[in-house]
Amino acid sequence: MEDYLKKIKELKVGMNKVDVVGKIKEIGNAVEFESNGKKARIANAIIKDDSGEIKLIIFNDDIDKIKVGDKIKICQGYTLEYSNELRLYISKYGKRYEVIK
C-alpha cells in the first residue's frame, strides 16, 4: 500500500492509515500508567526523514523493540495534536511497524 506512504512534512492532524519511513533519532524514558484497570507504558520518541521530524508515541512492548538509530516503517499510523504539537502514533491494529535493515 505505497499509496499511503507519506513524508513527515506531509503529515497533518487527523490523518489515518499513513505509512511513514524514518530513522529513530531519540527515545525518551518510558512512563507507567493505568488505563481501564490495566498497567501500560508510554514513551515519546523522535522519528525523522529527509523532510523533517515528528514526535512518535510508542506503547508497551514496542518501547523495548525500537532502538535509537533504527530505520523503521510505521504502517497504518495516525496523527493527533496534543499540547499544540502534531504527534504520530503507531496503530494498535494490523502490522504496526517494521524495522528496515
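Mentor: Happy to, and let's start with charge: the mean positions of the 21 positive and 17 negative charges of the protein chain are 1 Å apart. Lys and Arg count as positive here and Asp and Glu as negative, with His and the chain ends not counted; each charge is placed at NZ of Lys, CZ of Arg, CG of Asp or CD of Glu. Do keep in mind that this is a predicted model, in which local features need pLDDT of at least 70 and side-chain atom pairs count only at pLDDT 80 or more, while totals for chains, interfaces and linings use all residues. Residues are numbered from 1 along each chain as its sequence is written, and side-chain values use heavy atoms, with hydrogens and water left out.

Now the setting. The protein chain holds one helix and eight strands, in the order β-β-β-β-β-α-β-β-β. These are DSSP runs numbered from the N terminus: helices are H or I with at least four residues, strands E with at least two. The radius of gyration, taken over C-alpha atoms, is 13 Å, in agreement with the value near 13 Å for a compact globule of 101 residues; the globule rule is 2.2 Å times the number of residues to the power 0.38.

On to the pairing itself, where two strands pair if DSSP finds at least two bridges between them. Strand S1 (residues 5-6) runs parallel to S2 and is joined to it by two bridges, with Lys6 partnered by Val20. S2 also pairs with strand S6 (residues 71-82), in the antiparallel sense over five bridges; there, Gly22 has Ile72 as its bridge partner. S2 pairs with S4 too, antiparallel over four bridges, and Lys23 stands opposite Lys48 in S4.

From S4 we can move on to S5. Strand S4 (residues 38-49) and strand S5 (residues 52-59) are antiparallel, with eight bridges, and they form a hairpin with two residues between them. S5 and S7 (residues 85-89) run parallel and share three bridges.

The loops deserve a look as well. Gly69 sits between helix H1 (62-65) and S6, and is partly exposed, at 37% relative accessible area. Beyond its neighbours within four places in sequence, Gly69 is in contact (heavy atoms within 4.5 Å) with Lys23 and Ile24. Gly69 and Ile24 are 45 residues apart in sequence, yet 5.2 Å apart in space, C-alpha to C-alpha.

Finally, check two backbone angles. Most residues other than glycine have a negative phi. Asn36, in the loop between strand S3 (31-35) and S4, has a positive phi near 55° and is exposed, at 78% relative accessible area. Asn60, in the loop between S5 and H1, has a positive phi near 45° and is partly exposed, at 33%.

Note on methods. Buried means under 20% relative accessible area, exposed over 50%, partly exposed in between (1.4 Å probe, protein chains only).
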